Every structure is written in structure tokens, then in C-alpha cells.
Amino acid sequence: MAFPFDVLKIDRCFVADVGSGSQGETIVSAVVAMGHRLGLRIVAEGIETPEQAERLTELGCDLLQGYWIARPMAAAALPAFLRERG
């Protein structure tokens, strides 16, 4: 069965508890495993700390999104942001 999408996003309400051994982390782990088995890339949103980023990477998330990565910005500001990050 082919899906009309190739990315699965995990909501920040589940990401917030990652690292505390909570049910949120269990759900994230299960969603990542299921998504990868379906051939999907996994995005975790709402990353606010380096600890969350590290744990979500360990759990297999492919992409991270949130204030810890970057604040929202205008499209015109993106090239400068990317140059600064190297």
C-alpha cells in the first residue's frame, strides 16, 4: 500500500516528555518504529532543549523542528541563517 505522503510528524505534546521515561517517550518510540517500517521519514516538532534533541535522535527521528533549532523567520532571512550555521 502506497501512502500519498513520505513524512510523519510527531506533535510537540508527545515530544515534551521525552527523556523523562514517560508514556510520551514510549509513544514517540512506537511511532518512529512504525513510521520507519512504512518507509516514512520522521519529524519531531517542538524541540526546546539539547537533551530533547539528543534523545529524539537516539530514538530514530530523522528531522527535528523547534525553537531550539531556530525561531520562526521570514523566508528572506533563511539564506543568512544557513550561512551562519555553516
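Phe3, Phe5, Met34 and Leu38 make a nonpolar surface patch of about 370 Å². Patch members have over 30% relative accessible area and no salt bridge; nonpolar side chains (Val, Leu, Ile, Met, Phe, Trp, Tyr) are joined within 5 Å, like charges within 9 Å. A salt bridge is a Lys or Arg side-chain nitrogen within 4 Å of an Asp or Glu carboxyl oxygen. The model is predicted: local features need pLDDT of at least 70, side-chain atom pairs count only at pLDDT 80 or more, and totals for chains, interfaces and linings use all residues. Residues are numbered from 1 along each chain as its sequence is written, and side-chain values use heavy atoms, without hydrogens and water.

- Phenylalanine 3 sits in the segment before strand 1 (7-10); strands are DSSP runs of E, at least two residues.
- Phenylalanine 3 is partly exposed, at 33% relative accessible area (buried is under 20%, exposed over 50%, partly exposed in between; 1.4 Å probe, protein chains only).

**Cysteines**
- The structure has zero disulfides (cysteine sulfur pairs within 2.5 Å).
- The closest cysteine sulfur to that of cysteine 13 is in cysteine 61, at 13 Å, so it is too far for a bond.
- Cysteine 13 is partly exposed at 47% relative accessibility, whereas cysteine 61 is buried at 8%.

**Aromatic rings**
- Zero aromatic pairs are counted (Phe, Tyr and six-membered Trp ring centres within 6.5 Å; planes under 30 degrees apart are stacked, over 60 edge-to-face, the rest tilted).
- Arginine 71 lies over the face of tyrosine 67, 4.1 Å from the ring centre (NZ of Lys or CZ of Arg within 6 Å of the centre and within 35 degrees of the ring normal).

Key:
Accessible areas come from the Shrake-Rupley method with a 1.4 Å probe; for residues, only the protein chains shown count as cover. Helices (H or I, at least four residues) and strands (E, at least two) are DSSP runs, numbered from the N terminus.
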